[in-house]
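Try each task before you read its solution.

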Amino acid sequence: MGVTDVLIVGAGPTGLVLACDLARRGAAVRIVDRSPVPPRTSRAKGPNARSLEILDDLGVAEEVLAAGSAPLPMLKYRDRLPVAETDPWADSAPSPDAPYDRGRLIAQWRLEEILRDRLAGYGVRVELGREVTGLAEGPGGRHVDVAFAEGRTERAWYVVGCDGAHSSVRKLLGIGFEGTTAEDQVMVCGDVDLADGALDRTRWHQWFDEDGAVMLCPIPGTRTGWWFQAGPERDGRGRPLAPTADGFRRLLARHTALPGRALTRAELLSTYRVNVRMADRFRAGRAFLAGDAAHVHAVAGGLGMNTGIQDAFNLGWKLGLVLAGRAGPELLDTYEEERLPVAARTLDLTSERLRATLEAIRRPGGGLDAAITPDTTGLGVGYRWSSLARGHAEARTARDGERPAPRPGDRAPDAPCVDAVTGARTRLHRVFAGPGTTVLGFGPGSAAVLREVAAAYGDAGVRTCRVYAAHEDRATSAPGEAVVDDEGHAAAAYGRGASDGTGTGTGTGTSTVVVVRPDHHLGLSIPAADARSVHAYLHRLHGAAGPRNGSPALVDAAGKG
């Protein structure tokens, strides 16, 4: 029986991001979904700023940006009349360290389509109509046998359940999913068409009355398609009624100035109840949970799909290194170590934002903008507590106008710079892009460490990049890539000193080495004189150092973790 490296169950955004990440690493990955056809639902409204960075790394951000739209101003109504308009992003702008300052509106089916196309480019296609019915670890826990509804059993080194809140994988593993369901917090949802010109498509329209609500947001890429969300109709005993097209028309006529007939189509109807639940563990032997299979929470802030995408980006590189025989299987323990606390915090954050939103809509002019805070961009998520967050650069008091230097575990900031060889404009996240670990060197003293790293790990998925200040002598070149921090933004972002206004960057006088993990989080930040710590950290992720052009350690069936 052949063995697949990783079998992913569930082909939503979480599973597709994980499959793309593993496939580009050369892993033998398969992805199955019990649906007979790709779902056409719009559901999640799009990636947030951090997820856009991940999609950029996977090479699909430009297509996502083209297919979607910017977040829209929110027009709020009371008693059918407009009372306020709010643009939650009016005071936000891209910055050198975060070029994506806001998310993107895009139908979930379109995002999935883009990711499926990307995955197909690696020769991997979603296997539709395949339902997992059994999981069993092989002798000694060396693999997983996966049973399917059609009667076949197949084998994988690892299985990842990305199959949603009702996850079959989670249930088969016997993992608890504790939490609460708020039966009184109910919303009906669907994709609808409105008569052409019925509403301004440059606004997200929100009617909040004392006896109910209707929200309509235009679906990008369509001429008349809208996301419809509303408080449900209720029967004589106050129980919510199931959503129907005629019910949507009655809600539209009741709360808006539009006639019910303006709604010409309604499909993919569903009832949403606020569930706040989390798996008690994200791993059971060789099986993992990600996305809604591991955690569900209130929709406020739009973090459901985004948290799943970020789960996948955390897990993918770790599985890739273990499968390649570079890292030991204990690296996989850090997935739960890092992502479970993030999920717990997300549950708290979204519940808090839901409470704020419910309070806001009681007043005329209140709306869904109450759910949006800097926390919902995802840019502040980090893992400072992680065992993979090691060392810190020499402490320095920030000057006026400077931000604190990032610490190990934090998201690695971006920064515009110039390719030292070609003179072309680039940025640090472009240097980081791809499946490898990146070692940045700031200051002349970092050159020796970069040379050692390039010699030892250049063929093991580690790239080096020397970051030169604009005024710095580049006569002695370092191996690998090199960029010029011509405006001082990299120095400012990484605590090397703010730009002095002339594009030189002041620096601190201390050479520093920063190790950036494949998921764009800082692993290590340390004075360049401590080369031993750099090698020890890389050894944990990429195995023992070897001569350049040496072959990576090959692993047999027993060595797959």
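**Exercise 1.** Find the volume of the second largest cavity, and work out which helices supply its lining.

*Solution.* Start with the volume: the second largest cavity of this predicted model holds about 60 Å³ of space. Next, list the residues around that space: Glu53, Asp56, Asp57, Pro99, Tyr100, Asp414, Arg427, His429, Arg430 and His520. Now sort them by element: helix 2 and helix 9 (428–432) are the ones that give two or more residues. Helix 2 has the largest share, with three residues.

**Exercise 2.** Sort the lining of the second largest cavity by residue class.

*Solution.* Count Asp, Glu, Lys and Arg as charged, and you get six charged residues in this lining. The rest split into two nonpolar and two polar.

**Exercise 3.** How many cavities of 30 Å³ or more are there, and what is the volume of the largest?

*Solution.* With that cut-off, the count is three cavities. The largest cavity comes to about 80 Å³.

**Exercise 4.** Describe the lining of the largest cavity by residue, element and class.

*Solution.* First, pick out the residues: Arg50, Ile54, Gln310, Phe313, Asn314, Arg339, Gly378, Val381, Tyr383, Asp519 and His521. Then look for elements that give two or more of them, and you land on helix 2 (49–57) and helix 7 (304–323). Helix 7 makes the largest contribution, three residues. Finally, sort by class: four are nonpolar, four polar and three charged.

Notes:
Residues numbered from 1 in each chain as written. Predicted model: local features only at pLDDT ≥ 70, side-chain atom pairs only at ≥ 80, totals over all residues. Heavy atoms only, no water. 1 Å grid on protein atoms, 1.4 Å probe; cavity = no way out; pocket = protein on both sides within 12 Å on 5 of 7 lines; lining within 4 Å. Points joined across faces, edges and corners; volume = space filled by probe spheres on them. Helix = DSSP H or I, 4+ residues; strand = E, 2+ residues; numbered from the N terminus.
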